[in-house]
Amino acid sequence: MTLRRTQLYEYHREHGRLIEFAGFEMPVWYEGIIPEHNAVRNAVGIFDTSHMGRMRAEGPDAERFLNYVVTNNVSTLEPGRGLYTVMCNERGGIVDDLIIYKLTPDHFFVVYNASNREKDFNWFLRHSEGFDVELKDVSDEIAMIAVQGPKALRTLEKISSRPLSDVERFQIVELELSGVEAMAARTGYTGEDGFEVFIFDATPDRPEKALKVWDSLLEAGEEFGIKPCGLGARDSLRLEAGLCLYGNDIDEDINPLEARLRWVVKFKKPSDFIGREALLRIREEGVKRFRVGIKMEERGIPRKGYEIWDGEGRQKIGVVTSGGYSPTLNVGIAMGYVPREYRKLGTPVRINIRGRLAGGKIVKFHPFYDETKYGWRRVEG
Amino acid sequence: MSEEYEVPEGLYYTEEHEWLKVLDDGNALMGITDYAQKQLHEIVYVELPEVGKEVEQMDVLGAVESVKAVSDVYSPISGTIIEVNETLLDSPELLNEDPYGEGWIAKIKPKNLDAELKKLMTAEEYKKHIEALHH
């Protein structure tokens with residue numbers, strides 16, 4: 001199978017260690033996961049996310065259609081704003097998590113996971129019957145760069161045609177970056193402040209615009225210690241922030257109520273949506289298991305697929321869905337699903353690490369780190 | 001990015017990227033190779049065997065973990081673990097910085113050394129082995 005390449009492939013090949021991800025040849029790191037991770041927590045880093053799925057939904061029924069496929073209420077959006085949501089199957093299982101931006105009243109821009117590009121677009125198409133909406137998969141026409149970290153704003157502003165400090169979280173604005181027409185949304189997947197930048201009309205065989213913005217960002221961020229970041233740091237950063245990775249922490253057999261994504265399920269919105277009935281039933285019957293955060297208290301690093309045991313080591317109570325070493329906390333952390341009675345903060349649990357039951361406890365995980373010291377909520381000094 | 005891998009002469013190597021150094025007193029030191037540490041990158045955790053543990057050749061002896069992955073460490077020979085490098089517990093980065101020196105993992109009292117050495121690779125053979133992995 002030939003791996004796909006993004007607009008920034010030449011840079012990755014020259015500077016990074018490449019791996020396969022979702023059918024793409026992507027950098028896992030350039031200098032190393034830890035320095036890249038720390039650059040984003042403490043200053044600024046940039047990520048190529050051009051492999052992600054992107055779709056335009058246009059037409060008089062665009063809003064009504066999206067409200068039918070996703071669980072959140074798209075009608076709350078003003079033009080120029082976006083929201084995080086999931087979409088579910090008829091059983092209430094999560095088909096994907098995504099961000100929807102309302103550009104104009106009848107034009108929406110949808111961003112979803114690279115690993116679900118074909119599945120999602122087909123899902124959208126299949127359910128658009130009867131709606132006056134035109135769907136266009138524009139994944140291959142748009143380069144996407146995430147600029148993340150407490151210095152992301154100042155870095156991006158240096159190459160931007162407009163000031164950015166007034167842009168609110170989940171707001172999307174048009175701008176020029178080093179003369180290249182683009183849009184920037186104040187979103188990200190790291191827990192830090194930052195922007196996701198969309199460079200339109202930039203197919204992989206015409207990488208010039210994307211490379212120009214990428215290089216300008218590296219230059220603009222030099223004074224802050226900017227680093228290009230690979231998928232390794234992207235994963236460790238999102239894990240520390242308690243953000244779900246599709247395929248690990250959420251999938252078609254996990255519903256948003258147990259995933260602790262109840263806040264994006266709007267049962268009271270006027271329209272019906274796929275999975276609503278199943279989710280209402282699940283809510284009535286009571287959610288059996290919950291996504292939790294676990295921090296190790298004994299030596300060892302929890303990994304995806306490891307068993308979670310109760311604190312006494314009597315029985316298996318769940319499975320780790322994402323785990324790893326936290327560079328910020330210098331300890332092993334994990335997310336996984338456990339029955340209701342174990343979800344309380346402070347509950348001792350054990351992780352079966354290659355036959356050894358290593359002790360940990362249930363902790364606050366959204367995020368794992370201290371929000372007065374890290375993350376977008378902190379006040380910059 | 002192309003990389004060069006250090007493969008010192010005089011050591012023995014496994015296909016799983018451990019090295020073995022026979023000491024003058026008849027015991028042997030083992031660790032992971034430069035190739036192994038470069039593949040793992042940024043080692044953040046090491047699981048060491050217990051002193052006194054008896055191992056067979058190519059038994060799992062411990063594990064090293066990077067931010068992204070876990071990798072088992074195999075014993076190049078059969079014998080008894082007589083010492084482990086406990087410095088690695090607090091400084092796992094020594095495995096990256098000095099894999100053939102300060103990053104040694106365990107000292108083994110061999111049980112059947114001469115016969116088992118024949119199953120390991122020389123530096124020349126190991127160089128060919130890692131070259132082949134890149135084609």
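**Overall dimensions**

Mentor: Chain A has 381 residues, for which a compact globule would have a radius of gyration near 21 Å; chain A has 21 Å, so the two agree. Please bear in mind throughout that this is a predicted model. Along the principal axes, the C-alpha atoms of chain A fill a box of roughly 60 × 50 × 45 Å.

Trainee: What radius of gyration does chain B have, and what would a compact globule of 135 residues have?

Mentor: The radius of chain B is 14 Å, and a compact globule with 135 residues would have one near 14 Å, so chain B agrees with the rule. Its C-alpha atoms occupy a box of roughly 40 × 35 × 25 Å, again taken along the principal axes.

Trainee: How many residues of each chain count as buried?

Mentor: Burial is judged by counting neighbours: a residue is buried if 20 or more other C-beta atoms lie within 10 Å of its own. In chain A, buried residues make up 50% of the 381 residues. In chain B, 39% of the 135 residues count as buried.

Trainee: How many helices and strands does chain A have, and how should I read the order of strands in a sheet?

Mentor: Chain A has 8 helices and 19 strands. The order of a sheet lists its strands across the sheet: here an open sheet of 5 strands in chain A reads β5-β6-β7-β4-β8, with antiparallel pairing. Its edge strands are β5 (81–88) and β8 (134–137) of chain A, each of which pairs on one side only. From one strand to the next, the twist averages 25°.

Trainee: How many bridges join β6 and β7 of chain A, and which residue is the bridge partner of A:I99?

Mentor: Strand β6 (residues 94–104) and strand β7 (residues 107–112) of chain A pair in the antiparallel sense over 6 bridges. The bridge partner of A:I99 in β7(A) is A:V111. Helix α4 (residues 117–127) of chain A packs on this sheet, where it touches β4 (53–58), β6, β7 and β8 of chain A. The direction of α4 makes about 15° with that of β4(A).

Trainee: What is the run of elements in chain B?

Mentor: Chain B contains 5 helices and 9 strands. From the N terminus on, they run β-β-β-α-β-β-β-β-β-α-α-β-α-α. An open sheet of 6 strands has the order β1-β2-β3-β9-β8-β5 in chain B, and its pairing is antiparallel. β1 (12–13) and β5 (54–55) of chain B are the edge strands, each pairing on one side only.

Trainee: Where does B:G31 lie, and is B:G31 buried or exposed?

Mentor: B:G31 lies in strand β3 (residues 28–32) of chain B. It is buried, because 28 other C-beta atoms lie within 10 Å. Leaving aside neighbours within four places in sequence, the contacts of B:G31 include B:E18, B:W19, B:Y100 and B:W104.

Trainee: How many bridges join β8 and β9 of chain B?

Mentor: Strand β8 (residues 79–84) and strand β9 (residues 106–110) of chain B run antiparallel and are joined by 5 bridges. Within this pair, B:E83 has B:K107 of β9(B) as its bridge partner.

**Where the chains meet**

Trainee: How many residues does each chain bring to the contact?

Mentor: Chain A brings 11 residues and chain B brings 10 residues. On the side of chain A, α2 (33–42), α7 (231–240) and β16 (316–326) each supply at least two residues. By class, that side of chain A has 4 nonpolar, 4 polar and 3 charged residues.

Technical notes
Residues numbered from 1 in each chain as written. Chains lettered and ligands numbered in written order. Predicted model: local features only at pLDDT ≥ 70, side-chain atom pairs only at ≥ 80, totals over all residues. Contact = placed C-beta atoms within 7 Å. Helix = DSSP H or I, 4+ residues; strand = E, 2+ residues; numbered from the N terminus. Nonpolar A, V, L, I, M, F, W, Y, C, P; charged D, E, K, R; others polar. Pairing = 2+ DSSP bridges. Rg over C-alpha atoms; globule rule 2.2 N^0.38 Å. Buried ≥ 20, exposed ≤ 12 C-beta atoms within 10 Å, placed from the backbone. Axes fitted to C-alpha atoms, helices over the stretch in contact; angles between N-to-C directions.
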